[in-house]
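Hi,

Here is the structure I said I would pass on. Have a look at it first, and then read my notes below.

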Amino acid sequence: MKKILMAGMMVVMALSAAAQVKKQAPAGTTASIARGKVLYKQICATCHQADATGVPRMNPPLIKTKYVLGDKTKLIKVLLLGLNEDVEIEGEYYSNPMPSQATLKDEEIADVLTFVRNSFGNKAPAITPGQVKAVRATIK
Ligand code: HEC
């Protein structure tokens with residue numbers, strides 16, 4: 001019953017996020033989200049799952065986490081450098097390493113992160129290729 005309720009809530013959250021994107025997002029952001037969705041399915045869904053709920057104790061969810069909604073520089077760094085910390089999200093620890101996605105272009109990283117930040121119930125400003133480029137320059 002709890003699961004059904006949760007699933008129902010997720011559907012409602014996803015639908016309202018989609019509706020908000022249609023209403024508020026500027027045209028460039030809508031296109032970026034559409035490209036990011038394709039990349040997410042190709043690259044991220046294997047680990048984080050198509051619905052971003054992750055895999056318990058292995059791959060963390062991407063739903064309203066402090067990384068996804070938080071500081072853009074930190075989030076971009078997760079993709080450029082990968083992550084190998086004991087990530088804690090809502091009392092659950094995830095210790096698999098996340099491989100670096102630095103082979104993706106700046107625009108691809110911007111697109112996939114903008115998609116994630118505006119899907120699965122998340123709502124956060126878009127990430128631009130320029131922002132990815134700037135962070136990449138600090139870690140090379
Ligand atoms: C091989 C599996 C794998 C792939 C592919 C992968 N991740 Fe991860 N990701 C992980 C793991 C495992 C962690 C947690 C790392 C840790 O515990 O240090 C993580 C952590 C994260 C985090 C920070 C924690 C959180 O849940 O908010 C974000 C954001 C993230 N990944 C986004 C992405 C995006 C976007 C993609 C696709 C471009 C992606 N990941 C591809 C396995 C993966």
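Let's start with a pair of helices: helix 4 passes helix 6 in a right-handed crossing. A crossing is called right-handed if the near helix is turned clockwise from the far one by less than a right angle, and left-handed if anticlockwise. Helices here are DSSP runs of H or I with at least four residues, strands are runs of E with at least two, and both are numbered from the N terminus.

Before going on, a word on where this comes from: it is a predicted model, where local features need pLDDT of at least 70 and side-chain atom pairs count only at pLDDT 80 or more, while totals for chains, interfaces and linings use all residues. Residues are numbered from 1 along each chain as its sequence is written, and side-chain values use heavy atoms, with hydrogens and water left out.

Back to the pair. Helix 4 covers residues 72-81 and helix 6 covers residues 129-139; they pack at an angle of about 65 degrees, with axes 10 Å apart. The axes are lines fitted to C-alpha atoms over the stretch in contact, and angles run from 0 to 180 degrees between N-to-C directions. The two helices are therefore roughly perpendicular to each other (65 to 115 degrees; under 35 is roughly parallel, over 145 roughly antiparallel, and the rest oblique). Helix 4 brings Lys72, Thr73, Ile76, Lys77, Leu80 and Leu81 to the contact, and helix 6 brings Gln131, Val132, Val135, Arg136, Thr138 and Ile139 (contact means heavy atoms within 4.5 Å).

Gly36 is buried, with a relative accessible area of 0% (buried is under 20%, exposed over 50%, partly exposed in between, using a 1.4 Å probe and protein chains only). Gly36 and Val112 are 76 residues apart in sequence, yet their C-alpha atoms are 3.8 Å apart in space. Leaving out residues up to four places away in sequence, Gly36 touches Asp111, Val112 and Phe115.

Then there is Asn59, in the loop between helix 2 (27-48) and helix 3 (66-69). Asn59 is buried too, at 13% relative accessible area. A polar atom of its side chain lies 3.1 Å from the backbone oxygen of Cys47.

Of the 140 residues, 38% are buried.

Cheers

How values were computed. A polar contact is a pair of N or O atoms within 3.5 Å; within protein, one must be able to donate a hydrogen and the other to accept it, and residues adjacent in sequence count only if both atoms are side-chain atoms.
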